[in-house]
Each structure stands twice: as C-alpha cells, then as structure tokens.
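Me: I would like to go through a structure with you. Could we take it topic by topic?

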Amino acid sequence: MSTYNLLNGYVGSKAPYISKIKALFDDSCTKYIEPYCGGAGVYFSNYNGKYEKEWINDSNLNIAILYKSLTKPETREDTIKALLDIKKPDDFGTAQTQFQRAKKEMLKLSADSQLHYSNSGEWLNDDVMVKVARNTFLAYSQSFNCSAASYSKNKSDEKYRYEVRRNLANVMERLETKPHVTCFDGLEIIKRFSGQPEIQFLIDWPYVGLYRRQSKLYQSEMADLYSHMIGAIALSHSKAAVVMCGYRSPREEIPTIYDAVLTGEEWRCFKIADAPSQCMVVKAGEKKAKATEYVWTNRVPERAGLYVSLHDYKEKMTLSEYWEKIYEAGRTGMLPPDEMLEYEYTYKKFFKKGLFNTKDTERAIKEVKNRHMKEKLILLTNELAFRNSESMDNVIN
C-alpha cells in the first residue's frame, strides 16, 4: 500500500510517520477507529487484513461527505468522474476565483446540514453529495497546506491532475475494505467505545491551541484545553488500544495536560519526530521552526522498539499537581494574559470555581482585546451536542 493519500499534504497529516505509528498498533485488535480522521493519512497508508471493521469519522461534514461519496455505491462513479474533471488553471486569477467559489459553496454546508446529520445520521441526497465532494476536494487540494484556507499556486494543471489520478487510484484500492464513514463528535465516539479491548483507536485530534503556533487551522477545531481534558479522561481507563498524537507543552516549566490525566502505569509518551511546523509561512530562504510530534499509548507491542525510541517522556503527576504548577506559573507572571484566561476558563468549567485570584484575572481581561475574548467564549461554549447514539452503536458492534 503506497502512502499517496487523497488529500496529500493535509495540514497535520501523520503520513510521514506511518511506520512509527503502525509499530505501536496492537495486532490483536480486530476493529479500527479514527474518530478525527481529517486527511486520513494513516488510514490510507495503513492496511491490516485482520480488521473485521474499520471506521473513519470527522466532525467536518465536508470531509466526511468526500470520503462517504467515494465509498457509497450510488455516488462512487460520479464522484470519481467529478474529481478527475477538476482543472487547476495556469492563469492565477482564474484559478483563485475557482478556488474561492468552491470554498464558498463548501462552507455553505456547515451549520444547518451539520445539525441535520447529527440529529438524524442521514446523508444529503446523492447529487448534492457529489457536488459537495467536488467542492471540498477542490478547496483542500488546491490550497496551501491542503487546509482549504488560502489558494496555492505552486503546481501546474498538468502536475495537479497527474497527482489527482495517482492519489485517487490508491484511495479507491484502500476503500475496497468498505470502511464506515461518519460525521459524529469524535469525543463521543471515544466515550462510547473505549471499553472494547478489540478496538484500535488512532486519536489524531486538532492539537491543544496553547501548544501550537496557530490555534485556528481546521474548519472543525478543538483547540480549547477543556475538550482535551475531557478527551484524555475518556481515554484514561480505556480498554481499547490507543495511539494518541499530540504536542507536549512548548515550555518546560508548564506541564502537559495529558501527563496529568493519563496517569496509569500502562501509559507511555514517545517521541515520533522533529518536523517543520506545517502551519508556519516563511519567506524564501528561511526555514520553518521545528515542531516535535509525540504519541501517548497504553499498549506497546514488542516490535515497537525497532521503529520508535522507547524513551518515555511522560512526566508523572496528578491532576492536582498539574493545576498547582499552572497556578504558580500564573502567580509569578510566567503566563501571558490570553494563556492565563484559557487556564482560568478551563478550570472554572471543570471545577466550577476560579483558579487565579480576581485581581489577576481582571488584569488579564483588560490586556486582551474584546474581540479575542468573545472568540474564546464562543470556542469554549459552542460545543456540538452529540446525537443519534443508537445509530453509532450499530456502526461498530
């Protein structure tokens, strides 16, 4: 199986580290789930004939429809044709206009259709699905870092169409295993199925905003610390095999939230790679900063040491000790105002009381722009309610 994926270069893709990640998968597992598949680089690069069922999920409805339309018999051929017909005009203005139009159409789908799917589990009609798949693929595959954020002019039409044909052929071969494709809240999938030891989870969620240079990279984000606390708690006593990707806190004096939650002796943290930070834009001749990728896992196969250094980076601490260190960092002025407020809101949401004293919090609020504060409040409170749990049970059981 090659490593050419449908959305090659998708921001945050783990395809470059596939051999290391696969080495940490438990061969005894018979079911495979990616609750946050995104570009699905690991899924498309990995094949295990032992899996009785495979499930890729993403809360971004556009991404989910793209994969679903390629697996659904009624839409497969029309979707393949639609993707192969896409051009990347050599004229920059024409190409950028095409990109913006596709992106606009893709984003129209978001709110109402997302709620419809969450409530009913029903996809849109076939013709609409094919159209959405085309616009989604165009927007992602013709953008910088395959992020659907801004148009990239790096490839000619000839090179672009060659890569589409090559990547699509690989993807269709991989999809012959007929994975389940859904658009649920990934966190609820973890909560519901973490008790099944035959499942292999790959958790490649959007990383903690405090740990990365840019906290808004994806159409469907999960940058807030609270969501990662809840996610880690759901994984902490998992009977399923877990490989969870993430960053450690970028400053040594600030602890990493996963270490404080995944406290059992079975949990380990291994370094996967030092790689250029994908979200950075640099001038010609300049190098991107390094971003070190880690994985937390609760099972370590015997062969893992052949591919991954088994040095354990996990710091042993309790959740109480974690918050004591955060409090001390805030008290001594080590936390910038926006970080202090992120920790304060997370602590309040989790424990229903404040962490820092009122004067320090009020000072931080004054130093942060109102617009930024409103965005953070929206991020922390507008969590998509998970619906239709019965249909989810039927997917993997």
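Me: Which residues in α10 meet which residues in α13?
Reply: Leu-225, Tyr-226, Met-229, Ile-230 and Ile-233 in α10 meet Glu-342, Tyr-343, Thr-346, Lys-349 and Phe-350 in α13, where contact means heavy atoms within 4.5 Å. By class, seven of the residues of this contact are nonpolar, one is polar and two are charged. Ala, Val, Leu, Ile, Met, Phe, Trp, Tyr, Cys and Pro count as nonpolar, Asp, Glu, Lys and Arg as charged, and the others, Gly among them, as polar.

Me: Before we continue, what kind of model is this?
Reply: This is a predicted model, in which local features need pLDDT of at least 70 and side-chain atom pairs count only at pLDDT 80 or more, while totals for chains, interfaces and linings use all residues. Residues are numbered from 1 along each chain as its sequence is written, and side-chain values use heavy atoms, with hydrogens and water left out.

Me: At what angle do the axes of α10 and α13 cross?
Reply: The axes of α10 (residues 225-236) and α13 (residues 337-351) cross at roughly 50° and come within 9 Å. Axes are lines fitted to C-alpha atoms, for helices over the stretch in contact, and angles run from 0 to 180 degrees between N-to-C directions. Helices are DSSP runs (H or I, at least four residues) numbered from the N terminus.

Me: New topic: where is Ala-95 found?
Reply: Ala-95 is found in helix α5, residues 92-108. Not counting residues up to four places away in sequence, Ala-95 touches Pro-89 and Tyr-151.

Me: Is Ala-95 buried or exposed?
Reply: Ala-95 counts as buried because its relative accessibility is 0%. Buried means under 20% relative accessible area, exposed over 50%, partly exposed in between (1.4 Å probe, protein chains only).

Me: And Ala-148: what is its phi?
Reply: Ala-148 has a positive phi of about 65° although it is not a glycine. This residue lies in the loop between α7 and α8 and is buried, at 6% relative accessible area.

Me: Is Lys-352 buried or exposed?
Reply: Lys-352 is exposed, with a relative accessible area of 69%. Lys-352 is found in the loop between α13 and α14 (358-367), and its phi is positive, about 65°, although it is not a glycine.

How values were computed
Helices (H or I, at least four residues) and strands (E, at least two) are DSSP runs, numbered from the N terminus.
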